[in-house]
Amino acid sequence: MSLAHGRPYLAIPGPSVMPDAVLRAMHRASPNIYEGELVEMVRGLVPDLKYVAQTEGHATIYTTNGHGAWEASLSNVASEGDTVLVAATGRFGHGWADVATGLGLEVQLIDFGRKSPLDPARVEEALTADKAHRIKAVLMSHVDTATSVRNDVAAVRAAIDAAGHPALLMADCIASMGCDRFLMDEWGADVAVTGSQKGLMVPPGMSFVFFNDRAAARRAEMKRVSRYWDWVPRAEPEFFYQYFGGTAPTHHLYGLRASLDMIRAEGMEAIWSRHATLARAIWAAADVWGAEGPLEMNIADPAQRSHAVTALRLGAPYGAQLREWTDKRAGVTLGIGLGMSEPEDPMGTGFFRIGHMGHVNAHMVLGLLGVVEAGLKSLGIPHGRGGVAAAAEVIGAA
Ligand SMILES: *Cc1c(COP(=O)(O)O)cnc(C)c1O
């Protein structure tokens, strides 16, 4: 029997659940793009975006997805033949490295595997060895959405400083911004990128690049920057269209206004602690389930786990079976294992991911966990009993 009819729940790590307020804000006739309400509204988005990134620096908007933000950010600080150091902790570090290669940059890659955060000491070592200062930037994921590891941005800043190296620090916060605590200025990130469809709760299609004055100075030294990716006119537009390098993404902007209103009303501290508590509820359930049977969280140390996404290993083909069950039978869509293929499981069917980013609350997470537990039982996958009860304890104590 299917019990899926009702409101579906997309519990993947982006696109995330869209609030009704965001959907309502987008459901309107096309606005005038030359003057009036839309033009006024966009001016107010910039300080609120900077609040989300916790920066006094510059904020720019791009009509693109996260891959576009990767390319936009690099295009402003490095040109063909320059070197970037990429500290990869899963699929997304390799993705940014690939974009860099496409731009003609030399990539020096340190791969920290799929189960660990990056080690700042190895970043420091690589920078110290670069006596000629050929490395223009260090690229890192704050959260890698495939492995669900969270990296320490401030520790990488400290490593760069300890090496006495001028490289910029660039952080991919696409999964984490608006979910995991991130303090751009305090932690010393020179550039941070995010997308609209995760912590910001807006459909995919918009991205944001934040940069400080150090990064702006590097941009000023560039011989040439792609017109479309150039962040200068977007950060300081003379004309409205320059915010977007062309026509404004009108409806996305209305959605973003609604989401930023929600974020302002809740406040960043409260948002970070909501995500932290809901993450702990999920981990409590997974700990109990994993006490018997094959289930385990990909990142063993809770201090290294993201509060926005949790990657779990169930063993092939259980991961795929569970996703199919929760989707078809209960209306909950779980994330696939990404970049987690193994020789004995080339399609990565042994993994699944839970997205818990953005517009999620206690009843959604408890419902989701109840469905996963029902699926484990229905499919005969061995697991410890009482996972949902353990999650309810965490939520009850919060
Ligand atoms: C989602 C994500 C991306 C890619 O974003 P797209 O919008 O799919 O291009 C990059 N990095 C991280 C950490 C992500 O979570």
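The model is predicted: local features need pLDDT of at least 70, side-chain atom pairs count only at pLDDT 80 or more, and totals for chains, interfaces and linings use all residues. Residues are numbered from 1 along each chain as its sequence is written, and side-chain values use heavy atoms, with hydrogens and water left out.

The shell around the ligand consists of N65, G66, H67, W70, F92, V143, T145, D172, I174, A175, Q197 and K198. Helices (H or I, at least four residues) and strands (E, at least two) are DSSP runs, numbered from the N terminus.

A polar backbone atom of G66 is 2.8 Å from a ligand oxygen. A polar side-chain atom of D172 lies 2.7 Å from a ligand nitrogen. For Q197, a polar side-chain atom lies 2.7 Å from a ligand oxygen. On its own the ligand has 380 Å² of accessible area, and the protein covers 89% of it (Shrake-Rupley method, 1.4 Å probe; for residues, only the protein chains shown count as cover).

Strand β3 (residues 83-88) is mostly covered, with six of its six residues buried. Buried means under 20% relative accessible area, exposed over 50%, and partly exposed in between (1.4 Å probe, protein chains only). In a regular strand the side chains alternate between the two faces of the sheet. In β3, T83, L85 and A87 point one way, while V84, V86 and A88 point the other. β3 pairs with strand β4 (residues 106-111) in the parallel sense over six bridges. Pairing requires at least two DSSP bridges between two strands. V84 has V107 of β4 as its bridge partner.

Strand β9 (residues 191-195) is largely enclosed by the rest of the structure, because five of its five residues are buried. V191, V193 and G195 point one way, and A192 and T194 the other. Three bridges join β9 to strand β8 (residues 168-172) in parallel. Five bridges join β9 to strand β10 (residues 207-211), running antiparallel. A192 is the bridge partner of A171, and F210 in β10 is the bridge partner of A192.

N298 sits in the loop between β11 (296-297) and β12 (309-313). It counts as buried because its relative accessibility is 3%. A polar atom of its side chain lies 3.1 Å from the backbone oxygen of T147. Leaving aside neighbours within four places in sequence, N298 contacts R114, K115, T147, A311, L312, M340 and F351 (heavy atoms within 4.5 Å).

Most residues other than glycine have a negative phi, and most peptide bonds are trans. S148, not a glycine, has a positive phi of about 70°. S148 is in the loop between β6 (143-144) and β7 (149-150), and is buried at 2% relative accessibility. M201 has a positive phi of about 65°. M201 lies in the loop between β9 and β10. The peptide bond from G14 to P15 is cis, with omega near 0°. The bond from A316 to P317 is also cis, with omega near -5°.

Note on methods:
A polar contact is a pair of N or O atoms within 3.5 Å; within protein, one must be able to donate a hydrogen and the other to accept it, and residues adjacent in sequence count only if both atoms are side-chain atoms. A residue is near a molecule or strand if one of its heavy atoms lies within 4 Å of it.
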